[in-house]
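Here is a friendly walk through some local features, from helix packing to backbone geometry. Have the coordinates open as you read along.

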Amino acid sequence: MIFARLGPNETTDDLLISLKTTIEPWSWKKGKEISQVKKTILALAGKNSYKMALFLTGRSALFNLLKSLDLKRNDRVIVQAFTCQSVIEPIVALGMKPIFVDISEKDFSLDIENLKEKLADNTRVIILQHTFGIKPENRDKVVELAMKNQLILIEDLAHGLMSTSLATKEKFLNHFFLLSFGRSKSLSSVFGGGVVSQNRKIIKLLDHGGLEYPSYSFIMKCLLYKPIVVTVKTTYRIFIGKLIHKLAQGLGLLAAELTPEEKEGNFDQLLNKKYPNALAKLLLNQLKKLEKNNYQRAQVVNFYVNNLSSLRKIINTRTLHRYQNQPLVRFPLLLDQRDRVISHLEQKKIFLDTWYDSIIAPKTFPLKTLPGESRRSLNTCTVAFRLTKKIINLPTLIEIDQAKIILNELKKAIGD
Ligand SMILES: Cc1ncc(COP(=O)(O)O)c(C=O)c1O
């Protein structure tokens, strides 16, 4: 049984920390682990000048960051097509306009020429997404461009965090790193998000932003997630897992990734909260394993690169070598018969995923909630549209033997 989506980071030690935390409710909201998390993440950056603010989600981190900057309604925020709704909803909620830039097939990130074309007088922010944790090929050029044009640069590291991805130029105070610790990211505390920057003034503002903590019942649901998911994964083969999963969902024991309000296309204040200490405890355990897990991810990525690059039916074989040694959260492949391949592998109990199978994921995101100018810019992103129909994600935090099984089944499915 191999899952790309369900609790990719969760193992028995995470389950135990969660269970231990459930019986320590006095430490759920405030506690020393919050500052330990900040210290550990800032140590990865290796620079004393950085500071960090934490939030309940990445989307709430983005919302509060944009709100704290000197921005006006109708200001333009550059984002890439091939993204998720959590990036878009905070921008629209603040009355700003997301302007969509097409992506490059090489790194699933901003196409720099298209970015230059779409810059306008009221462009104030660029969000540079490191999709799947891939370092964008033109990252340094985008940094230069933002500095030269006095734009705010938000590097979206939600998918994955490596120490090198936190590097910045000295004195570029308009440079912010957006982090997520959601359940499907490379570090998971079920929910979580943060902003890292050397702009002390803004981080101080964010840290004292007057948000409330989530309720005890919400925190309890977060603490149940890891025990439930680890049990589901280990018992899925004998059907008990599937049953437990359905039961937990039916009884409302799991906090969904998106709220009903968010599914309608709106930013939801329900998840705009402080980061509670209970989740910091979960995150500290994940941080302890980050180096080991990133090493494992990079090994599996290298295995895929070495063994998939010669398969003729894979569309992006020529760019796979770029991912060598990168600890990607998921490995992106482009295939013509994506849906058929996914169902073939599902029959073999291999559950792959499709970040992103729509231009703004998930597919249910109502595009009509976007301003007209945003929609028009989105319609020009032809590469992104094409890739949403062909993308398939392979898991990376697995054993090499499991990667071999995926490879064999994939070859059978595509007939290569
Ligand atoms: C690229 C990207 N940025 C930001 C976010 C927001 O993260 P969160 O789910 O913690 O709100 C996501 C969420 O999936 C994402 O995919």
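## Two helix pairs

Helices H3 and H4 are roughly parallel to each other, a label used for angles under 35 degrees, with over 145 being roughly antiparallel, 65 to 115 roughly perpendicular and the rest oblique. H3 covers residues 58–68 and H4 residues 85–93, and they pack at an angle of about 30° with their axes 9 Å apart. Axes here are lines fitted to C-alpha atoms, for helices over the stretch in contact, and angles run from 0 to 180 degrees between N-to-C directions. Helices (H or I, at least four residues) and strands (E, at least two) are DSSP runs, numbered from the N terminus. The crossing of H3 and H4 is right-handed; a crossing is right-handed if the near helix is turned clockwise from the far one by less than a right angle, and left-handed if anticlockwise. On the H3 side, Arg59, Leu62, Phe63 and Leu66 meet Ser86, Val87, Pro90, Ile91 and Ala93 of H4, where contact means heavy atoms within 4.5 Å. Seven nonpolar, one polar and one charged residues make up this contact. In this scheme Ala, Val, Leu, Ile, Met, Phe, Trp, Tyr, Cys and Pro count as nonpolar, Asp, Glu, Lys and Arg as charged, and the others, Gly among them, as polar.

H1 (residues 12–22) and H8 (residues 216–235) pack at an angle of about 145°, with axes 8 Å apart. Their crossing is left-handed. Among the H1 residues in this contact are Leu15 and Leu19, and the H8 partners include Leu223 and Val230. The contact divides into six nonpolar, five polar and two charged residues.

## How the model is read

This is a predicted model, in which local features need pLDDT of at least 70 and side-chain atom pairs count only at pLDDT 80 or more, while totals for chains, interfaces and linings use all residues. Residues are numbered from 1 along each chain as its sequence is written, and side-chain values use heavy atoms, with hydrogens and water left out.

## Buried polar and charged residues

A polar atom of the Asn393 side chain lies 2.7 Å from the backbone nitrogen of Trp355. Leaving aside residues up to four places away in sequence, Asn393 touches residues including Ala4, Phe132, Arg330 and Trp355.

Arg139 lies in helix H6 (residues 139–148) and is buried too, at 9% relative accessible area. Asn114, in helix H5 (residues 112–118), counts as buried at 13%.

Most residues other than glycine have a negative phi, and most peptide bonds are trans. Phe132 has a positive phi of about 60°; Phe132 sits in the loop between strand E6 (123–129) and H6 and is buried at 0% relative accessibility. Asn74 also has a positive phi, about 75°. This residue is in the loop between H3 and strand E3 (76–80) and is partly exposed at 42%.

The peptide bond from Trp355 to Tyr356 is cis, with omega near -10°, and Tyr356 is in the loop between strands E11 (350–351) and E12 (360–361). Another cis bond joins Ala361 and Pro362, with omega about -5°. Pro362 belongs to the loop between E12 and helix H14 (372–379).

Methods:
Buried < 20%, exposed > 50% of the residue type's maximum accessible area, 1.4 Å probe, protein only. Polar contact = N/O pair within 3.5 Å; in protein donor to acceptor, adjacent residues only side chain to side chain.
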